[in-house]
Amino acid sequence: EGVYMARENNGTSGDNNENRLRPMLSADELLSLPIEDLLRRLESSPSGLSSEEAAARIEFYGRNELARKKKRAAIVEFLMNFKSPLTIILLIAGSISGILQEYANMIVIFVIVFLSVILDYYQESKAEKAAEALKEKVTTTATVLRDNTKQEVKLPEVVPGDIIYLSAGDITPADARVISAKDLFVNQSSLTGESFPVEKTIVPVKMKDASISEWSNYFFMGT
């Protein structure tokens, strides 16, 4: 069981509600504060957040997901296909044929190049759309405490201050401080390179005395 940590907000709005929803803590505080103080600073409680509070925090902090790569315009994506070394060589060969007044060869080369680029662009665009459609269909959820009851929510809807429940085989949905644990071991080899799962406890950790691999009371997203 863990509580999701607040992240730095990139918003600029400054009304009273947003000022209230600003439970920012330093890394040392996240690791070392007693659980009661941590929940108080995050404006949460052992019974979790209310649905209304969670909705407000999604609005303020944003969704719990990695920033998406900005999509380029279709014309830019099309022109990027001309960066292929083979395509460049063929364009140069076609230009040389034109300079030598071998117009038939020039036309054949340019037609082949443009047909190849159009086909590549079509296939890449189709594959990208299929991947996006599949991503929308596959929904990952997390178990959180909302309105004092366990609820399944979509991963992007987990917010700072949420009480998260984890069981064997679960993927950690967000960075979180451990507030309750029994025989809890986490595989974080993708982050620290450790070959064996490490035990997590509720014991506070002093950041200055521990490396990231020794943060024994902290979950990392994706582990």
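This is a predicted model: local features need pLDDT of at least 70, side-chain atom pairs count only at pLDDT 80 or more; totals for chains, interfaces and linings use all residues.
**Notebook: cores, a patch and some loops**

I went for the nonpolar cores first. The largest one has twelve residues: A142, V144, V153, L155, V158, I164, A174, A176, V178, L184, V186 and F219. By core I mean buried Ala, Val, Leu, Ile, Met, Phe, Trp, Tyr and Cys residues joined through side-chain atoms within 4.5 Å. A second, separate core has eleven residues, including L31, A210, Y218 and F220. In soluble globular proteins, nonpolar side chains tend to be buried together.

Numbering runs from 1 along each chain as its sequence is written, and side-chain values use heavy atoms, leaving out hydrogens and water.

Next, the surface. I found a nonpolar patch made of I88, I92, I96, I99 and L100, with about 500 Å² of accessible area together. (Patch residues have over 30% relative accessible area and no salt bridge, and nonpolar side chains are joined within 5 Å; a salt bridge puts a side-chain nitrogen of Lys or Arg within 4 Å of a carboxyl oxygen of Asp or Glu; areas are Shrake-Rupley with a 1.4 Å probe.) L100 sits in the loop between α6 (85–99) and α7 (103–137). Is L100 buried or exposed? L100 counts as exposed because its relative accessibility is 55%; the cut-offs are under 20% for buried, over 50% for exposed, and partly exposed in between.

Helices and strands here are DSSP runs, H or I of at least four residues and E of at least two, numbered from the N terminus.

Then I checked phi. Most residues other than glycine have a negative phi. E43 has a positive one, near 55°, and lies in the loop between α3 (35–41) and α4 (51–61). At 33% relative accessible area, E43 is partly exposed. D147 also has a positive phi near 55°, in the loop between β2 and β3 (149–154). D147 is partly exposed at 39%.

Last stop: N81, in the loop between α5 (74–80) and α6. N81 is buried, with 11% relative accessible area. What does the side chain of N81 reach? The N81 side chain gets to the backbone oxygen of E77 at 3.0 Å. Leaving aside residues up to four places away in sequence, N81 touches T87, V117, D120, Y121 and E124, where contact means heavy atoms within 4.5 Å.

Technical notes
Patches are made of residues with over 30% relative accessible area and no salt bridge: like charges are joined within 9 Å, nonpolar side chains (Val, Leu, Ile, Met, Phe, Trp, Tyr) within 5 Å. Buried means under 20% relative accessible area, exposed over 50%, partly exposed in between (1.4 Å probe, protein chains only). A polar contact is a pair of N or O atoms within 3.5 Å; within protein, one must be able to donate a hydrogen and the other to accept it, and residues adjacent in sequence count only if both atoms are side-chain atoms.
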